[in-house]
Amino acid sequence: MKDLLATVKSNKKIAENIYMMTLVLPESVGQMHGGQFVNLSTGNGAHLLRRPLGVCMCEGDEVSVCYQVKGKGTKYLTEVEAGRKLQVLLPLGNWFDLDGCKNVAVIGGGVGIFPLVATIREHFQTKNFYSYIGFRNIDAVCLYNELAKSKKLTITTDDGSYGEKGNAVGAYLRDAANINPDIIISCGPPVMLRVLKQKLKEAGITTPCFVSLEERMGCGMGACLVCVCKTASGENARVCRDGPVFDINEVQL
Ligand SMILES: Cc1cc2nc3c(=O)[nH]c(=O)nc-3n(C[C@H](O)[C@H](O)[C@H](O)COP(=O)(O)OP(=O)(O)OC[C@H]3O[C@@H](n4cnc5c(N)ncnc54)[C@H](O)[C@@H]3O)c2cc1C
Ligand code: FES
């Protein structure tokens with residue numbers, strides 16, 4: 001993990017309310033993996049806490065993150081221009097470990113798709129991804145070419161304005177028996193992950209399933225305990241350090 005002063009290479013809108021920022025790092029941080037995240041300063045001294053954002057793409061000394069405009073910090077980030085320098089702590093957290101897996105089901109929704117894109121990019125040449133990705137509507141659809149590196153891609157929208165009308169979990173459950181994957185990986189809004197856990201249980205699907213969680217964060221490196229979640233046995237786990245990727249059966253959602 002390194003705390004670096006990175007240079008913004010580009011910062012562009014890629015969908016309604018979604019931006020992609022590419023940072024050039026002054027030195028290598030080694031290989032980064034899908035699921036890991038960065039803690040990025042907004043560049044505004046009034047925002048003391050950095051913002052956790054999933055690694056979406058990394059190539060050489062460049063790393064790209066995608067962010068949805070939510071509050072003051074992400075709004076400020078949209079105004080950051082190329083050439084500006086931002087402090088960034090990276091890489092943080094664990095990742096989706098696909099060792100020994102050939103067929104991978106991917107279930108993603110909203111801003112949860114970004115770490116999944118990083119995972120697909122990293123492994124699509126050696127593994128088969130069956131991806132089920134949910135967006136709110138056609139205006140939210142982004143990174144299609146990256147998602148399409150999957151062997152099979154199903155896109156759903158809530159209103160049917162793009163792809164199938166419905167949600168990613170429902171679309172996956174319909175096809176689950178045919179795919180019979182070695183592992184399921186998922187990231188998305190908490191309600192989507194809760195539904196996924198419930199539906200897998202109801203359907204008696206025992207495929208190993210790993211989810212990436214989002215919690216409010218402070219330090220991003222295990223020291224402040226702002227980000228704790230509850231494990232299935234009722235103990236505390238730090239999302240930043242013990243996660244953000246957890247076995248779906250080992251955390252309370
Ligand atoms: C591991 C991890 C990876 C993430 N990856 C992405 C990503 O790739 N793309 C993306 O759009 N969003 C991602 N998020 C959510 C993103 O961090 C928040 O949307 C963002 O911090 C909101 O900042 P803000 O200043 O706009 O909002 P404000 O509400 O003004 O933020 C106030 C404070 O709360 C924190 N905060 C608010 N919402 C969240 C949240 N959902 N999760 C964590 N902290 C929050 C902020 O960091 C800040 O410290 C991720 C969160 C985590 C924990
Ligand atoms: S954010 Fe500080 S311990 Fe996780």
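Me: What makes a residue count as being around ligand 1, and which come nearest?
Reply: A residue is near a molecule if its C-beta atom, placed from the backbone, lies within 6 Å of it. Around ligand 1 there are 22 residues, and L49, G54, G71, G73 and T74 come nearest. Two or more residues of this shell come from each of β4 (51–59), β5 (62–68) and α1 (72–78). Helices (H or I, at least four residues) and strands (E, at least two) are DSSP runs, numbered from the N terminus. This is a predicted model, where local features need pLDDT of at least 70, side-chain atom pairs count only at pLDDT 80 or more, and totals for chains, interfaces and linings use all residues. Residues are numbered from 1 along each chain as its sequence is written, while chains are lettered from A and ligands numbered from 1 in the order in which they are written.

Me: How do you know whether the chain agrees with a compact globule?
Reply: We set its radius of gyration, taken over C-alpha atoms, against a rule: 2.2 Å times the number of residues to the power 0.38. For 253 residues the rule gives a value near 18 Å, and the chain has 18 Å, so the two agree.

Me: Why is strand β8 called largely enclosed?
Reply: Buried means that 20 or more other C-beta atoms lie within 10 Å of a residue's own, with C-beta atoms placed from the backbone (12 or fewer is exposed, in between is partly exposed). In β8 (residues 128–135), 7 of the 8 residues are buried, so the rest of the structure largely encloses the strand. For the chain, 41% of the 253 residues count as buried.

Me: What makes β8 a partner of β7 and β9?
Reply: Two strands pair if DSSP finds at least two bridges between them. β7 (residues 103–109) and β8 have 7 bridges, in the parallel sense, and β8 and β9 (residues 152–157) have 6, also parallel. I133 of β8 is the bridge partner of G108, and I133 also stands opposite I155 in β9.

Me: Why is the β7, α2 and β8 unit called right-handed?
Reply: With the strands pointing away from the viewer, a right-handed path from the first strand over the helix to the second runs clockwise. β7, helix α2 (residues 113–123) and β8 make such a β-α-β unit.

Me: What makes β10 and β15 edge strands?
Reply: The open sheet has 7 strands in the order β10-β9-β8-β7-β11-β12-β15, with mixed pairing. β10 (164–165) and β15 (245–247) each pair on one side only.
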